[in-house]
Amino acid sequence: MAYTTIDDPSAHFQVQLYSGNGGTQSITNTGNSDLQPDWVWLKRRDGTDNNSLFDSTRGVTKELNSNGLGAEGTASNLITSFDSDGFGLGNNAGVNGSGESYVAWQWKANGGTTSTNSDGSENSTVQANTTAGFSIVTLTANGSTETYGHGLGVKPDFILAKSRNTAGGWNFITDSLDGSMDYLTLQTTNTASTINYNAPTSTVFSYNDNNTNTTVIYCIAEKQGYSKVGTYYGNGQADGTFAYCGFKPAWIMTKNTQSAEPWVVYDTERNPHNGADLKLTPNTEDGDNGNSQVGGTSNNIVDILSTGFKMRSNNNATNESAKRYIFVAFAESPFVSSSGVPNTAR
């Protein structure tokens, strides 16, 4: 039985849909718990626009885009506040265009409160949510491979790193594929490559930007019943592979690590019923189902179940035969609560 210490995942992660109004507005989360987000990832659904990422360490005016290499941008009319149960928006058309539909993926760290961490060979600035296994780390890379503290108290299962002051890739670094250190790039369809880093520990991870850059890094350590960083092999059939999570997912991101296919994200707010066929691609500006690489609604379907998810099509982006995939998932509800109450399928 998959027990958990997090009975209500909405206290740490939520998906919220909203409509833009072209002016200013406050978005209020509708999950079971109030959630003041520290990492907010916004995406327009009904047309092309950037994936816009914000966090409370860098501040409300600072934007990065997962579909590009660009340095951090600054604008006062993007996210305007991280609120006690949501966030405020300005009149920027990329995040609040009049009549346009959006999705917000949100994670809680430490309410914007940071501290200096000296666990590594170089200092870092950290705000951590150790209960949910999530921390936001900022640092200044020095052109050499150094270690930096992450504040989680357990080994992170992946880190996602992006330079802030210069153009550069989104490095998704993990040892979850085969035990060695591998990386993928979130802004491309590139396959996985090995990287000469030591594996992360309960206190530090290795990183080298090859330049002297300010960098932000998002660290995730999986937590039973709440989050999962895992792998599966595709079978190339409509009766596709099942990926076990130990909970009913609210959000799933998956990537074919052996073929040049896009990253794909599903969530249960955009897909309240099985088979779920609305997906977004973090490496493109496309809206729901807009990327020809992932095909139309009939070509890329998933069932989101009480203990994981099952592919229901043979599209190469999610279920190519004999290819290895990595996935990251966050829970809508645990399979079994801390008191032994089972979850139900949808």
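In what order do the eight strands of the open sheet stand, and is their pairing parallel or antiparallel? The order is E10-E11-E12-E19-E14-E15-E16-E17, with antiparallel pairing. Strands (E, at least two residues) are DSSP runs numbered from the N terminus, and two of them pair if DSSP finds at least two bridges between them.

The model is predicted: local features need pLDDT of at least 70 and side-chain atom pairs count only at pLDDT 80 or more, whereas totals for chains, interfaces and linings use all residues. Residues are numbered from 1 along each chain as its sequence is written, and side-chain values use heavy atoms, with hydrogens and water left out.

Elsewhere, strand E4 (residues 52-55) runs antiparallel to strand E5 (residues 62-65) over two bridges, serine 52 being bridged to asparagine 65 in E5. These two strands form a hairpin with six residues between them, and glycine 59 in the turn has a positive phi of about 110°. E5 is also joined by two bridges to strand E6 (residues 73-74), again antiparallel; here glutamate 63 is bridged to glycine 73 in E6.

The largest nonpolar core has 35 residues. Such a core is a set of buried Ala, Val, Leu, Ile, Met, Phe, Trp, Tyr and Cys residues joined through side-chain atoms within 4.5 Å, where buried means under 20% relative accessible area (1.4 Å probe, protein chains only). Residues with the most contacts inside this core include Phe13, Trp39, Trp107 and Phe172. Among the elements giving two or more residues to the core are strand E1 (13-19), strand E14 (158-163) and strand E22 (247-256). Not counting residues up to four places away in sequence, tryptophan 107 is in contact (heavy atoms within 4.5 Å) with residues including Phe13, Trp39, Trp41, Trp251 and Phe330.

Proline 156 lies in the loop between strand E13 (146-149) and E14 and is buried, at 1% relative accessibility. Beyond its neighbours within four places in sequence, proline 156 touches His150, Pro200, Thr201, Cys219, Ile220 and Ala221. Cysteine 219 is itself buried, with a relative accessible area of 0%, and cysteine 245 is buried at 6%. The disulfide count, requiring paired cysteine sulfur atoms within 2.5 Å, is zero.

How values were computed:
Buried means under 20% relative accessible area, exposed over 50%, partly exposed in between (1.4 Å probe, protein chains only). Helices (H or I, at least four residues) and strands (E, at least two) are DSSP runs, numbered from the N terminus.
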